[in-house]
Amino acid sequence: MEQRQGQDTKLISKFEDLSTPETVTNHTQNTHEQASSKNLFVVMTANQWIDEAKNRPIPKMLFSEFWFEGEICILFADTNLGKSILAVQIGDSISTGEQIKGFKLEALGQSVLYFDFELSDKQFQNRYSIDYVDEYKFSPNFKRVEINPEADIPAKKSFEDYLNDELENEIIRTNTKILIIDNLTYLRNETEQAKNALPLMKHLKALKKKYDLSILVLAHTPKRDLSKPITRNDLAGSKMLINFCDSVFTIGESSSNKNIRYLKQIKARNTEILYDSENVIVCHIEKPINFLKFILVDLGTELDHLKQLTKEDKEKTKIAVLELTDKGVSNVEIGKKLGIHESTVRKYKKQNISLSDY
């Protein structure tokens, strides 16, 4: 009997502890923490989720409306269009806390980890110097990382797993919240295939959530039809990659002037898309002194920069499609070789054009 009374007293005491708003709140938080650590799902009312979100800061712009704090953002473009140039410029801006002229930066200056899997140190020096002298002085906050060719990879680990582990170790060691990865293919091979893209994006999302990161990832686009607007379908492995990231933007090349580039938003979550086909940001690449960079020129339409195909161009493409088809090349491969969409390949085939017509 005494044991039962003792249990009742504890039970009453427990409910008395929940008699004030403060203790109810604490109890809810404890319950939430337990659920987060033990269960797959965390279930709360919509109002509770909003109340929790109130405790987190509003995301600030890192590069205008293209990239916000707390986002995984993908910047994609064809080779030699300046992805790395713009990425270093963005990283330099964040590290100093000074905005790029014409673009917005709301965050304070802070540490940036730039994983450079593209350039050698000598190539990097050349870009940010005058003939290898009078180098640009980066902020100490800007930390460049490259692969150590003499590193010992554990026998039981793949290179990709080892790379991902070391990436996380650098995040912990430097306590850095801003990551720029140049480029995607070094983290996972064959990102064009969904089965390989999905684990990659899950890994980056897990790191983002675990360490409260903002991640900019550079990616490439396969050969594309320069007469068509850039879309999400032009990103290699587009479906999985775009589904698992927060924002995406691209660099396009002007067909009228090879020195002109334009920036276009493809996906956004923290803002409406401002820079679409009707309102692209037009830039050119210059090296005024010792820093290769994008310089904003104007706003314009994407149509102004697309290649205008002549009837002769189209006929040549049709002939090429038939020639490759005769060699047994698949529709997908034909599209990649000719820089046209697979649906265009199918359309030309359905027209039943024979080479003798030409």
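Q: Where is Tyr-132 found?
A: Tyr-132 is found in the loop between α5 (121-127) and β5; helices (H or I, at least four residues) and strands (E, at least two) are DSSP runs, numbered from the N terminus. Please keep in mind that this is a predicted model, in which local features need pLDDT of at least 70 and side-chain atom pairs count only at pLDDT 80 or more, while totals for chains, interfaces and linings use all residues. Residues are numbered from 1 along each chain as its sequence is written, and side-chain values use heavy atoms, with hydrogens and water left out.

Q: What's the phi of Tyr-132?
A: Phi of Tyr-132 is near 70°, which is a positive value in a residue other than glycine. Tyr-132 has 38% relative accessibility and therefore counts as partly exposed, given that buried means under 20% relative accessible area, exposed over 50% and partly exposed in between, with a 1.4 Å probe and protein chains only.

Q: OK, and what about phi at Asp-212?
A: Asp-212 has a positive phi of about 55° although it is not a glycine. It sits in the loop between α7 and β7, and it counts as exposed because its relative accessibility is 57%.

Q: Which peptide bond is cis?
A: The bond from Asp-182 to Asn-183 is cis, with omega near 10°, and Asn-183 belongs to the loop between β6 and α7 (194-211).

Q: Switching to rings: how many aromatic pairs does the structure hold?
A: There are 15 aromatic pairs in the structure. Rings of Phe, Tyr and Trp (its six-membered ring) pair if their centres lie within 6.5 Å, and planes under 30 degrees apart count as stacked, over 60 as edge-to-face and the rest as tilted. One of them is Phe-63 with Phe-249, which is tilted because the planes stand at 40°, with the centres 5.9 Å apart.

Q: Where do Phe-63 and Phe-249 lie in the chain?
A: Phe-63 is in strand β1 (residues 61-63) and Phe-249 in strand β8 (residues 247-253), so that this pair links distant parts of the chain, 186 residues apart. Phe-63 counts as buried at 2% relative accessibility, and Phe-249 counts as buried at 0%.

Q: What about Phe-66 and Tyr-275, how do they pair?
A: Phe-66 and Tyr-275 are stacked, at 5.2 Å centre to centre and 20° between the planes. Phe-66 lies in the loop between β1 and β2 (67-68) and Tyr-275 in the loop between β9 (260-267) and β10 (280-286), so the pair ties together parts 209 residues apart in sequence. Both Phe-66 and Tyr-275 are buried.

Q: Which residue lies over the face of Phe-124?
A: That is Arg-144, at 4.9 Å from the ring centre; a charge sits over a ring if NZ of Lys or CZ of Arg is within 6 Å of the ring centre and within 35 degrees of the ring normal. Phe-124 is also part of a cluster that ring pairs build together with Tyr-114, Tyr-128, Tyr-136, Phe-138, Phe-142 and Phe-291.

Q: How many residues are in the largest nonpolar core?
A: The largest nonpolar core has 37 residues, and among those with the most contacts inside it are Phe-63, Trp-67 and Phe-249; such a core is a set of buried Ala, Val, Leu, Ile, Met, Phe, Trp, Tyr and Cys residues joined through side-chain atoms within 4.5 Å.

Q: Which element gives the most to this core?
A: Helix α4 does, with six residues.

Q: And the sheet, what's the order of its strands?
A: The order is β5-β4-β6-β7-β3-β8-β9-β10-β11, in an open sheet of nine strands with mixed pairing, where two strands pair if DSSP finds at least two bridges between them. The edge strands, β5 (142-145) and β11 (293-300), each pair on one side only.

Q: In what sense do β3 and β8 pair?
A: They pair in the parallel sense over four bridges, and Thr-250 in β8 is the bridge partner of Phe-76.

Q: Last one: which residues does Asn-331 touch?
A: Not counting residues up to four places away in sequence, Asn-331 touches Glu-342, Val-345, Arg-346 and Lys-349, contact meaning heavy atoms within 4.5 Å. Asn-331 lies in helix α10 (residues 331-338) and, at 18% relative accessibility, counts as buried.
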